[in-house]
Amino acid sequence: MGRPVFVLFGSSIVQYSFSNGGWRATLADVYARKADIVLRGYIAWNSRRALQVITKIFPKDSAVQPSLVVVYFGGNDSIAPHPSGLGPHVPLEEYMNNMRKIGEHLKSLSDKTRVIFLSCPPLNEEVLKKSTSTALSEIVRTNETCRLYSEACISVSKEMDIKVVDLWNAMQKREDWATACFTDGLHLSEEGSNIVVEEILRILKEAEWDPCLHWQAMPTEFGEDSPYDLVASSGKSTINPSEWTFHRKISWE
């Protein structure tokens, strides 16, 4: 049967999720020998561009469909429109409709495909302005528009009965969120990524899904005892290390 497949689909928050203690890297560790965490992240993409290729990334006739898809779009959609008409801005109502279409397609893949949306996180406007490349025309991002797009994502999620992580509020529970959660005012630091992991795992633990997709409830691949395991101090038996988690800085629940 193979391991369950979890796909992370989104823009740079997803593409960069291997970097700087990223949330994809942490999930891959937590789900080692439990599930395969597949990355489908595309820097600067918006919900329009996602819809253009979603059937190629998630074909309905695939022999193996994902058990879980975690989706993040909204940060680039929320960028103010450019006078030329170019760029990633997507009006709020269209963004909501695009997320509905994304959700509908993913839910149609199989009866066992589960979906989690990540809402737009906050940002540190001052730091972001200083870190934006001079090769780009002015990019107008505000924490207020992030809030609006976050709330829109949450609204669509509730409407469609899709689980959602409210990143805009989850991150701001930390008093030092503006400096601790980002590498450049926008993309996530290890601390910011840890919040994403914590919220995803909370949903997976609380969701009444069959089968449960929380790591503690999932079987460990080849987790049976073996005479080839490490030898115990008594020298008379072996110790099965397949469930060891002592190496982690955080004991994820």
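Helices (H or I, at least four residues) and strands (E, at least two) are DSSP runs, numbered from the N terminus. The model used here is predicted: local features need pLDDT of at least 70, side-chain atom pairs count only at pLDDT 80 or more, and totals for chains, interfaces and linings use all residues. Residues are numbered from 1 along each chain as its sequence is written, and side-chain values use heavy atoms, leaving out hydrogens and water.

**Exercise 1.** Locate Thr220 and describe its surroundings.

*Solution.*
- Step 1: start with the place. Thr220 sits in the loop between helix H9 (190-206) and strand S6 (230-231).
- Step 2: check the accessible area. At a relative value of 14%, Thr220 is buried (under 20%; exposed is over 50%, partly exposed in between; 1.4 Å probe, protein chains only).
- Step 3: list contacts (heavy atoms within 4.5 Å). Not counting residues up to four places away in sequence, Thr220 touches Arg33, Lys34, Ser242 and Glu243.

**Exercise 2.** Decide whether strand S1 (residues 5-10) is enclosed or open, and find its partners.

*Solution.*
- Step 1: count buried residues. For S1 they are 6 of the 6, so the strand is largely enclosed by the rest of the structure.
- Step 2: look at each face. Val5, Val7 and Phe9 are buried on one side, and Phe6, Leu8 and Gly10 on the other.
- Step 3: find the pairing (at least two DSSP bridges between two strands). S1 runs parallel to S2 (residues 36-41), joined by 6 bridges, with Gly10 partnered by Gly41. S1 also runs parallel to S3 (residues 68-72), through 5 bridges, and Phe9 stands opposite Val71 there.
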